[in-house]
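Here are some notes to read alongside the structure. Please keep the sequence open while going through the points.

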Amino acid sequence: MRTKIYHITSILILMILASCDFLDFDETSGLKTKEDMYKYFDTTESMLTHIYSFMPQGYAHFATTGNFTANQLAMRDCASDDGEFGAEAANIQNVNNGNWSSIKTFDDGWNLYEGIRAANNFIKEIAEVDFSRYVHDGNYNNWMKKLQYFEYEAKVLRAYYFFELARRYGDIVMPLQALNKEEANTIEKTPFNDVIRFIVSECNEAAENLPDSYSNEPGQQTGRITRGFAMAVKSKALLYAASELHNPTNDLELWKESAKAAHDIIETGLYKLDPKESANNIASSEVVLMRMNAETTNFELYNFPIRFTEGARTSNRIAYGNYPSQNLVDAFETVNGYKVTLEDIGWVSNDPEFDPQNPYINRDPRFYRTILANGMDFKESRIETFVGGKDNQSVTQGGSPTGYFLRKYLQESTSFDPYNPVSNKHHWVIYRYAETLLTYAESMIQAFGDVNYSDDTYKYSALWALNEVRKNAGMPIVSSLSKDEFLERLYNEWRVEFAFEDHRFWDVRRWKAADSTQRQLHGVIIEKQSDGSLNFYKNLYETRKWSDRMYLYPIPQSELYKNTNLNPQNSGW
């Protein structure tokens, strides 16, 4: 059984606690003291719920209502060659133009320490809770069944937050208990590889003590941390440890360890690939962990082509959308497995069935889940991005800077009709099984250099794992290739399978490929002729800056002022 989405059991308590300092409860505000919170099962569980609330996702405001800024609406893929955010002054543009620093930081990843602090407090307190006075309560036995998992859920969440910080900053401080101010301002950094070792250890312990699912547990709660997600966090951490950014000597043992962790997930048989879209799909058989958000129209408001928002997007936020690039479009093969690129001379493909007048027809099925392009049907209308078309405006008027609109995660039934508004829930995938297979494929080819290699320990080949993902997508399998050819296909598979799922930004960094991928962002300009034919022109929309210091984030200068032991600053910053 798979793990589904995270279910908030007490949203009122969550909203209250989210704004609190977990060392100092103000009794005059009407809140219980910290000690009181652990006297009762419901409030104890709400403290665990709070730790879950820090789980990061690729779009910050799926669930929040309020007065958003551009920085909160940009997806991290728009800081990669997969996309562009419409607003030129948004903070995310500083990553693209090189104008970010330890003072002008990119995202709020450092805030994950708040989640870690909450986890540390919880792990300490949960070891001492005593509900024996309720032994005659009818709920007592169910409480005890749930309570046995709480510590391990918190430990996996903490491990995942450490991973998120480590892939941003490399060496990080790793507090394992709640710190007072003096302690927090003197703690030293832990080397990246030691952080990974700790994550692996915590996840191994948790995997031995967590259930495969909660379908047979009290409350049948969905979205809680399972054995599968503990194994997934371990696998993800080991993949990053083996990748070139953190493994410059290409230690093959690290790749073997990564392959084994992925192999172990495959062997559980808990998950299987789903030919249907997993985004927003709580029934998907391949989802290991998903975060559910409340009903909202926020994502559609800023990412629908503007004519479908019925005037609801205010004038000062017209350009707050996320737009796929031509770079990404070129990554999607034809449905027959041939490469397609838009060159200065026009569309180029060796597929004999490719039609340059209809370049978006008969492409990889994942293309249609990710991108809205000219000629596609959407909300009982047809997208027109050609010059003079219904969706061809300037960026400041709601048009696309690249000639493409985002499709992934959009709920098409969302409506801004003031007489019949429709909102939807949006479920963000934290981890899904396709990632296990591509991790396995990458680790195996790097470890053994042979796409067909398998043995008694590693029962599947790299080629098998890659082709499983391709077959599930409705794409033809690839045959035996050299290591370099295989890696080229594999890296592209990572890109198209997980487009706009917060992977590309990180992948080009762990591969140390960003110097050759992040310098130019292209779009398309389409002109419609009097006879109805179309001319397609590759458009260099933006020249971007790259420096190798950007492989890691700078440690915020504000934190360096508070704790000099965070020095040295990451290289180049």
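1. At roughly what angle do the axes of helix H3 and helix H7 cross? This is a predicted model, and in it the axes of H3 (residues 41-52) and H7 (residues 140-169) cross at roughly 20 degrees. The two axes come within 10 Å. Angles under 35 degrees count as roughly parallel, so H3 and H7 are roughly parallel to each other.

2. The crossing of H3 past H7 is left-handed. On the H3 side, the contact is made by Phe41, Glu45, Leu48, Ile51 and Tyr52. On the H7 side, Trp143, Lys146, Leu147, Phe150, Glu153, Ala154, Leu157 and Tyr161 take part. Sorted by type, the residues of this contact are ten nonpolar, three charged and no polar.

3. As a point to find in the viewer, Ile525 stands opposite Tyr537 in E14.

4. E13 and E14 form a hairpin, with five residues between the strands.

5. On confidence, the mean pLDDT of the chain is 91, and 93% of its residues reach 70 or more. Residues 1-31 need a separate remark: pLDDT stays under 50 there. For this stretch the model has 77 contacts beyond four places in sequence.

Terms used. Residues numbered from 1 in each chain as written. Predicted model: local features only at pLDDT ≥ 70, side-chain atom pairs only at ≥ 80, totals over all residues. Heavy atoms only, no water. Axes fitted to C-alpha atoms, helices over the stretch in contact; angles between N-to-C directions. Helix = DSSP H or I, 4+ residues; strand = E, 2+ residues; numbered from the N terminus. Parallel < 35°, antiparallel > 145°, perpendicular 65-115°, else oblique. Left-handed = near helix turned anticlockwise from the far one by under 90°. Contact = heavy atoms within 4.5 Å. Nonpolar A, V, L, I, M, F, W, Y, C, P; charged D, E, K, R; others polar. Pairing = 2+ DSSP bridges. pLDDT = per-residue confidence, 0-100.
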